[in-house]
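Biologist: I'd like to learn how to read a ligand site and a domain interface. Can we go through one together?

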Amino acid sequence: MIFVSGASGNIGTAIAESLRARQVPFRIGSRSPNSINAQDNMEVVPFNFLDATTFQSAVQGCNAMFLLRPPAVANTKKTLNPLIDVARSQGVRHIVFISVAGAGDNPIVPHYAVEQHLSQASEGWTILRPGFFAQNLGDAYREDIVQDDRVFLPAGTGRVAFIDTRDIGEVAANILIEPTAHQAQTYTMTGAEALSFNEVASILSDEMGRAIAHQPASIPSYCFHLLRRKMPLEQIMILTILHVGLRFGQAETVDDTLPNLLGHSSRSLRDYIQDHRHLWLKTQ
Ligand SMILES: NC(=O)c1ccc[n+]([C@@H]2O[C@H](COP(=O)([O-])OP(=O)(O)OC[C@H]3O[C@@H](n4cnc5c(N)ncnc54)[C@H](OP(=O)(O)O)[C@@H]3O)[C@@H](O)[C@H]2O)c1
């Protein structure tokens with residue numbers, strides 16, 4: 001039995017699909033378990049990172065766990081780390097944690113404390129450090145693309161080696177099922193090519209059949225734009241720092257680890273857009 005946190009999210013959905021396809025039994029932990037239909041090989045239990053009383057029953061009887069830090073959970077020392085302790089005490093032998101590229105030497109990111117805690121053990125964990133998600137186009141950038149036909153970011157001419165979360169999910173599922181070769185390993189993973197946002201806009205325009213422009217934003221105009229969208233200040237700050245970092249090449253380095261772990265080539269940004277065209281249709 002494998003416990004999967006964050007199963008309704010981008011990566012978790014892909015993991016659940018992989019495990020279901022391979023008929024591996026797994027248990028989903030959710031804050032709203034009644035909204036999820038249990039299927040063959042799959043259990044659903046109440047689970048909340050902010051409520052430690054849900055931890056034990058979530059991981060009991062499991063030998064592996066997929067651990068995801070939800071974007072809204074900031075204090076990982078009081079949430080994810082206690083879950084790791086409970087899981088280990090309940091016999092979970094392997095934990096796959098989704099961190100973020102660069103987290104290893106950046107104590108400011110919430111994933112850092114989890115990496116430190118996990119890696120105190122000499123085995124029983126694998127850390128995945130993905131780069132920038134292609135799925136951001138369908139999450140954070142979606143409203144701008146659908147309503148204004150533009151990608152509006154303070155990223156300048158920075159290039160990004162977008163990774164598809166379906167590839168991350170596939171890798172994570174493989175490791176959860178067969179962890180032996182991945183004991184105490186940390187993998188940085190990116191997509192196969194770094195694209196500028198002009199190129200992203202051009203692929204979007206191609207695939208959607210209408211003009212979608214990259215309109216570079218200044219830092220103040222971006223913050224003001226997000227404020228008008230009623231985004232909380234903390235999130236505005238995080239998004240701004242992240243995207244300004246792209247100007248300086250923070251997400252442009254291509255790493256060839258991902259295809260090696262997948263055993264085949266990774267999905268391109270165009271693959272992602274082609275498979276999710278419905279997200280940017282004007283009729284939404
Ligand atoms: N975006 C990027 O470019 C990028 C790049 C590298 C790494 N990352 C990292 O990837 C992670 C996000 O992955 P994702 O996109 O797959 O996540 P996501 O789509 O935002 O989904 C978050 C999941 O967490 C669950 N969740 C939220 N709050 C919870 C709580 N208090 N207790 C239990 N479950 C909770 C949500 O379930 P419900 O809402 O249904 O309860 C949902 O399943 C973050 O740690 C982020 O830093 C992101």
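Predicted model: local features only at pLDDT ≥ 70, side-chain atom pairs only at ≥ 80, totals over all residues.

Biologist: Where does the ligand lie relative to domain 1 and domain 2?

Modeller: Look at which domains supply the shell. Here domain 1 and domain 2 both give residues to it, so the ligand lies between them.

Biologist: Which residues around the ligand come nearest?

Modeller: There are 23 residues around the ligand, and S8, N10, R31, R69 and F133 come nearest. Sorted by class, the shell holds 12 nonpolar, nine polar and two charged residues.

Biologist: And what about polar atoms of R31 and the ligand: how far apart are they?

Modeller: For such pairs, we take N or O atoms within 3.5 Å. A polar side-chain atom of R31 is 2.6 Å from a ligand oxygen. Of the 940 Å² of accessible area that the ligand has on its own, the protein covers 80%.

Biologist: How much area is buried between domain 1 and domain 2?

Modeller: About 390 Å², with carbon and sulfur atoms giving 62% of that. On the domain 1 side, N10, I11 and P130 lose the most area to domain 2, together 86% of what that side buries.

Biologist: How many salt bridges and polar contacts cross that interface?

Modeller: The rule finds zero salt bridges there, and one residue pair in polar contact.

Conventions: Residues numbered from 1 in each chain as written. Heavy atoms only, no water. Near = heavy atom within 4 Å. Polar contact = N/O pair within 3.5 Å; in protein donor to acceptor, adjacent residues only side chain to side chain. Areas by Shrake-Rupley, 256 points an atom, 1.4 Å probe, with all protein chains shown as cover. Nonpolar A, V, L, I, M, F, W, Y, C, P; charged D, E, K, R; others polar. Domains from an automatic or database assignment. Buried area = accessible area lost by both parts, 1.4 Å probe. Salt bridge = Lys/Arg side-chain N within 4 Å of Asp/Glu carboxyl O.
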